[in-house]
Amino acid sequence: MTKRVQEILSYYQSDAPGIRANLARLLMSGRLGGTGRLVILPVDQGFEHGPARSFAPNPPGYNPHYHFQLGIEAGCNAYAAPLGFLEAGAAEFAGQIPLILKLNNSDSLYGDDDPNQAVTGSVDDALRLGCCAVGYTIYPGSAYSQEMYENLREIALEARSVGLAVVVWSYPRGGTLSKAGQTGIDVACYAAQIAAQLGAHIIKVKVPTDHIEQAEAKKVYEAEKIPISTPTDRIRHVVQSAFDGRRIVIFSGGAKGEDQKIFDEARAIRDGGGFGSIIGRNSFQRSKPEALKFLETVMKIYSGEIA
Amino acid sequence: MTKRVQEILSYYQSDAPGIRANLARLLMSGRLGGTGRLVILPVDQGFEHGPARSFAPNPPGYNPHYHFQLGIEAGCNAYAAPLGFLEAGAAEFAGQIPLILKLNNSDSLYGDDDPNQAVTGSVDDALRLGCCAVGYTIYPGSAYSQEMYENLREIALEARSVGLAVVVWSYPRGGTLSKAGQTGIDVACYAAQIAAQLGAHIIKVKVPTDHIEQAEAKKVYEAEKIPISTPTDRIRHVVQSAFDGRRIVIFSGGAKGEDQKIFDEARAIRDGGGFGSIIGRNSFQRSKPEALKFLETVMKIYSGEIA
Amino acid sequence: MTKRVQEILSYYQSDAPGIRANLARLLMSGRLGGTGRLVILPVDQGFEHGPARSFAPNPPGYNPHYHFQLGIEAGCNAYAAPLGFLEAGAAEFAGQIPLILKLNNSDSLYGDDDPNQAVTGSVDDALRLGCCAVGYTIYPGSAYSQEMYENLREIALEARSVGLAVVVWSYPRGGTLSKAGQTGIDVACYAAQIAAQLGAHIIKVKVPTDHIEQAEAKKVYEAEKIPISTPTDRIRHVVQSAFDGRRIVIFSGGAKGEDQKIFDEARAIRDGGGFGSIIGRNSFQRSKPEALKFLETVMKIYSGEIA
Amino acid sequence: MTKRVQEILSYYQSDAPGIRANLARLLMSGRLGGTGRLVILPVDQGFEHGPARSFAPNPPGYNPHYHFQLGIEAGCNAYAAPLGFLEAGAAEFAGQIPLILKLNNSDSLYGDDDPNQAVTGSVDDALRLGCCAVGYTIYPGSAYSQEMYENLREIALEARSVGLAVVVWSYPRGGTLSKAGQTGIDVACYAAQIAAQLGAHIIKVKVPTDHIEQAEAKKVYEAEKIPISTPTDRIRHVVQSAFDGRRIVIFSGGAKGEDQKIFDEARAIRDGGGFGSIIGRNSFQRSKPEALKFLETVMKIYSGEIA
Amino acid sequence: MTKRVQEILSYYQSDAPGIRANLARLLMSGRLGGTGRLVILPVDQGFEHGPARSFAPNPPGYNPHYHFQLGIEAGCNAYAAPLGFLEAGAAEFAGQIPLILKLNNSDSLYGDDDPNQAVTGSVDDALRLGCCAVGYTIYPGSAYSQEMYENLREIALEARSVGLAVVVWSYPRGGTLSKAGQTGIDVACYAAQIAAQLGAHIIKVKVPTDHIEQAEAKKVYEAEKIPISTPTDRIRHVVQSAFDGRRIVIFSGGAKGEDQKIFDEARAIRDGGGFGSIIGRNSFQRSKPEALKFLETVMKIYSGEIA
């Protein structure tokens with residue numbers, strides 16, 4: 001185990017050895033193993049957006065085995081998906097890549113101004129499928145946020161009791177938040193803080209903009225001259241907001257976009273002290289050779305092989 | 001056991017042997033046993049529409065024994081019904097046909113724009129009645145959909161823990177869905193995907209039309225030129241949407257209609273890679289001799305005895 | 001045990017011996033014991049309508065012992081009441097008459113357009129009081145109907161697990177149902193079917209009229225020419241709707257009315273294949289001698305001693 | 001034990017010996033011990049109305065020990081209070097006076113037209129504090145009434161299982177009830193009946209007026225000429241409504257008023273067959289010497305030492 | 001142990017030895033150990049207001065270790081924080097300062113006129129982190145108040161069963177309360193009383209003003225001439241309202257203000273019989289040397305070293 005990984009594990013001393021062992025599995029797997037950086041492959045778009053919108057651009061992705069194979073061949077640190085997708089391959093690919101069971105999900109057939117997610121999996125499912133962590137989404141700002149925090153608390157307590165790590169997707173949404181506010185720097189930092197306070201081992205937030213949503217926060221940003229003008233500044237501020245670097249924070253890749261944009265974000269994440277990326281649609285919505293090449297570039301940025 | 005059944009069972013390797021044994025019972029029973037195709041007899045109309053609307057056209061159907069006998073004589077793979085109907089014959093016909101206990105139901109005395117179902121049976125009931133599977137309906141699109149997914153998760157976890165297979169009726173309904181949208185191809189595929197992601201072993205959806213409901217989906221269907229013009233195309237796309245054929249997908253027969261329409265649908269299901277049909281009203285709302293003849297024809301289409 | 005009782009018990013073969021033993025206790029007790037007919041004394045009016053409206057017409061009824069004595073002396077098959085009334089006499093009259101604990105109740109101090117009932121007793125209470133069955137009311141048609149079905153499911157499962165029979169009061173009410181519709185023949189039959197599908201051992205419905213409430217049902221009644229013109233026809237149709245006579249269906253006596261009307265209804269119930277009556281206010285709201293004479297006449301109609 | 005107490009205990013034969021032993025403790029304690037009459041000291045006003053409104057008129061009442069001492073010195077049968085007040089003296093005064101833990105409470109900082117109470121204590125609390133009974137308020141007529149009945153059912157079942165008696169405060173309130181209706185004779189009797197049917201061992205209602213609230217009830221009161229013109233008549237009718245005297249019914253003293261009014265009410269309770277009083281504010285909102293004298297007079301009325 | 005601490009512990013005689021031992025740990029730790037006074041460091045602002053608003057004024061506060069160090073170096077009696085912050089240092093600083101796990105929290109991304117908090121931690125978490133107490137906020141006056149009381153009851157019962165002390169933040173808010181009313185003397189006293197009745201071992205309220213919110217209370221304050229004109233009077237009245245000094249009542253420091261104001265409040269708390277302060281933002285939103293000096297002054301006021 002590398003010194004950096006040991007250092008990161010030292011942030012989780014209050015946790016049982018089993019949990020730290022699972023965090024170590026995540027940090028020591030794949031191409032970036034040992035660097036303290038992570039690139040995770042998440043595939044919940046089938047549930048979130050429907051199968052055609054998710055997989056028609058690259059039809060092999062309809063098959064659940066494809067994503068296991070992609071994650072393994074690309075050398076990702078882990079593969080995260082809902083119950084069905086993991087069940088459909090956990091036996092065949094057992095032990096080849098760390099798995100994260102995404103425990104709640106929402107679909108886009110039903111919509112509510114204040115979004116919520118259904119709990120679709122359980123800690124027991126994660127155990128029987130051999131996962132090293134469970135994932136859970138919260139929507140700070142939504143009228144359902146407190147309910148989601150409470151569900152998370154119960155799930156996290158149960159996960160901890162059996163040695164599973166807890167990954168929290170913290171996506172501000174709903175209530176009085178503006179569209180811009182969902183990725184505003186103050187809101188993104190707040191989202192990271194909430195996830196950390198709720199006991200997340202790993203926190204996933206979106207790459208923030210320099211928009212400031214909340215008037216009370218704006219005063220402080222101005223008074224204290226908090227640097228947020230460059231992407232690297234903003235990443236650093238998010239990491240600071242997640243216990244000053246003592247919690248693993250990773251950033252989502254968002255919708256399929258230009259590769260250069262993703263590479264630039266990866267550089268900002270790397271330079272700002274972020275721990276890595278979780279990249280779904282940009283990975284599995286292109287052919288496998290292209291995806292492998294794309295992910296290799298991202299990982300080389302994180303490892304420093306590319307500046 | 002045939003090679004095709006072995007192949008299908010191999011899709012469920014993450015599941016315990018007891019569950020695969022029950023799937024095998026379903027796949028090896030009746031006239032279609034071993035072909036990898038299923039025709040299931042479901043009788044929940046008494047609950048859903050009331051007794052007269054369900055059974056007056058063929059009054060022997062008031063008697064719960066009738067449906068066991070019909071299923072057995074026709075060589076169906078299984079008989080699915082709510083608690084009361086199964087209780088009223090499970091002892092007399094024990095071991096003669098695989099049983100599926102439908103665990104939730106709704107009646108038409110009360111209506112809500114956003115439909116829901118009451119949980120009317122339990123896994124314990126299924127065990128004491130000797131069932132090989134439980135059935136559960138979800139309504140993607142309804143305001144109650146997340147609640148239904150969560151109930152399903154709990155029931156499915158419990159069913160799995162005792163070796164019962166989980167059959168999910170996935171019927172989009174409610175919310176902003178148009179009437180046409182409920183059977184639109186994008187929505188039907190989405191419904192199949194959701195059921196699969198929720199961990200269903202067997203998925204029941206309606207035969208889809210070529211209507212596309214969601215604007216975001218429409219863009220993808222056009223951009224990717226997904227073939228949906230013929231019934232066979234659409235069945236193939238639904239099966240693809242259910243983990244690329246790695247989950248058993250069957251199709252409901254709908255209201256009583258012309259036989260030729262049902263036979264044509266069966267051909268499309270067969271040729272599109274679907275796993276079979278679940279046919280209620282078209283079976284029990286005619287005299288037994290007629291029903292047996294009708295079902296024989298359907299099964300011969302699936303077995304290939306009829307082109 | 002008579003052949004008729006053995007035949008009735010044979011309808012419940014899927015149930016454990018303890019439940020069948022309790023059904024036998026009900027069917028073999030009292031003046032009608034062995035005939036396959038039942039007359040049950042229910043006294044929940046104190047809760048439903050208040051004490052004065054219930055007992056002032058015959059003040060000994062304020063005393064809980066009175067109803068035990070009335071049921072015993074009249075030779076009723078069972079006495080059904082809420083927790084308090086049973087507790088207040090179960091020890092004194094232990095073993096002298098089968099008891100049914102009514103597990104949910106509502107009062108008329110609070111009203112809601114969509115009615116519901118509170119669960120006021122438990123299976124554990126029924127056991128400690130030596131009951132042979134529990135009773136539960138559902139209101140098909142009410143916005144609370146699904147919740148009531150779910151509560152019933154849990155209670156019925158628990159009752160079954162300890163050998164208690166389940167009696168369901170199925171009273172359509174609320175939602176879009178018209179007043180006439182509550183006792184319409186289509187609705188009454190639907191109510192009986194729902195209770196049967198929910199797993200009731202004994203079903204209590206109201207004596208139906210020839211009104212047809214639901215348009216969809218009306219079409220079928222007309223197309224299939226279902227006979228509903230005489231009271232006997234309607235009773236026969238209700239019994240048919242409860243699994244073609246394979247579930248015990250009894251009919252409630254309703255508000256205090258003219259004796260002749262009750263006697264005529266009993267004849268229709270008898271001739272239409274109904275299993276008996278549950279008669280409250282017509283029994284306990286008159287002096288005991290009068291009540292005994294009245295009940296004797298009803299029972300003689302059921303036994304055939306009176307034509 | 002006196003014959004009267006033995007007679008009262010005989011009303012509770014269906015209950016376990018432990019419960020009857022606790023009822024005996026209540027009936028055999030204090031100055032009225034053995035008479036079959038009770039005077040109970042309740043102090044929940046701190047929670048219900050706030051500390052200043054409750055205790056400023058007699059500041060020693062801020063101290064929880066004061067009420068234990070008052071109850072003991074006055075020879076009350078029991079002291080009833082919420083969790084905090086009992087915890088703050090249960091150890092110091094262990095065994096000196098029977099205790100009743102009031103399990104639900106409401107405050108006047110928040111108001112709802114349909115009132116409810118929060119469950120603030122548990123049966124386990126009552127056991128560890130050495131109580132002989134638990135107390136629970138229901139609000140018949142409120143939109144929350146069914147919820148309250150269901151909570152009571154669960155609590156009562158648990159209390160019974162460990163031998164604790166159940167005291168129910170039955171206060172009609174909310175919904176369509178008029179202010180006058182809350183203490184109307186028909187409503188008070190109905191409140192007593194509901195509590196009795198819910199399984200209360202001891203029922204607390206307010207002293208009723210001759211107002212009749214419900215039209216349906218009014219018809220019966222007039223038709224049956226139920227005597228309700230004098231306070232004694234009304235008490236007798238309430239006692240009759242609580243299982244004809246077979247359940248202990250006590251009456252609340254209400255707000256601080258003129259002593260003579262309380263004494264007259266006590267005479268009516270005594271002469272009408274009531275079992276006693278529960279007197280809070282009239283006891284602890286005056287100096288201790290005055291309170292002792294006041295309570296002594298009340299008790300002498302009950303014992304018959306004063307006519 | 002000092003006599004004063006022994007005296008305070010004697011107020012909790014109904015509690016198990018383990019709880020009293022934990023109260024003793026709180027009272028005997030830090031610079032004020034043994035005086036019967038407490039100064040507690042709470043840091044939940046990261047959750048309540050977001051990270052920048054909380055920690056940007058003194059950036060080392062982003063790091064969870066900072067607050068442990070601050071509490072230890074300042075000689076606080078305890079450090080209170082949500083799950084995440086305690087987890088991030090409980091191992092490193094084990095045994096160096098008593099910990100209080102704050103079990104519920106709310107954020108300011110979502111707002112409701114009637115506020116509520118999410119339960120974000122559990123008694124099991126408190127145990128594994130080595131805490132001596134749990135903290136819980138209630139909002140008397142809010143539409144959610146009864147729900148919060150019920151959650152508190154369950155948590156407090158569980159905490160008690162494992163020997164943890166219960167600290168209740170009682171903050172009137174919501175419903176019909178005016179802004180001024182939230183800190184009105186009548187409301188503050190009522191808030192203290194409610195917390196005490198709910199079984200709190202330690203009660204935290206805000207320093208009250210002389211505003212009287214409730215009309216019914218105003219009458220009593222005037223009739224009984226309750227002294228509330230000086231800060232010391234008001235503190236004394238709050239302490240009286242919390243069982244006449246038999247429950248530990250501490251006061252929150254509120255938003256960052258002028259030091260002199262805090263010192264004056266500490267004097268009033270000391271002289272009015274209050275047990276101490278809980279000071280967050282005034283402690284951690286300045287540099288550590290300044291904070292240490294500031295807290296030293298506050299503690300010297302409590303110890304009497306400064307008049």
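Biologist: In this predicted model, which residue of chain A forms a salt bridge with Arg53(E)?

Modeller: A salt bridge needs a Lys or Arg nitrogen within 4 Å of a carboxyl oxygen of Asp or Glu. For Arg53(E), the closest N and O atoms of the pair are 4.0 Å apart. The partner is Glu216(A).

Biologist: Which helices of chain A each supply at least two residues of the side that touches chain E?

Modeller: That side of chain A has 16 nonpolar, 15 polar and nine charged residues. The helices are helix 8 (145-161), helix 9 (185-197), helix 10 (215-223) and helix 11 (231-241).

Biologist: What area do chain A and chain E bury between them?

Modeller: On the contact count, 40 residues of chain A meet 44 residues of chain E. In chain A, Ser14(A), Tyr190(A) and Gln197(A) lose the most area to chain E, together 20% of what that side buries. Of the area buried by the two chains, 58% is on carbon and sulfur atoms. The total is about 3400 Å².

Biologist: What kind of rotation axis relates the two copies?

Modeller: Chain A superposes on chain E with an RMSD of 0.0 Å. The rotation is 72°, and the shift along its axis is 0.0 Å. The copies are therefore related as by an axis that is five-fold.

Methods:
Residues numbered from 1 in each chain as written. Chains lettered and ligands numbered in written order. Predicted model: local features only at pLDDT ≥ 70, side-chain atom pairs only at ≥ 80, totals over all residues. Heavy atoms only, no water. Least-squares fit on C-alpha atoms with pLDDT ≥ 70 in both. Contact = heavy atoms within 4.5 Å. Buried area = accessible area lost by both parts, 1.4 Å probe. Salt bridge = Lys/Arg side-chain N within 4 Å of Asp/Glu carboxyl O. Helix = DSSP H or I, 4+ residues; strand = E, 2+ residues; numbered from the N terminus. Nonpolar A, V, L, I, M, F, W, Y, C, P; charged D, E, K, R; others polar.
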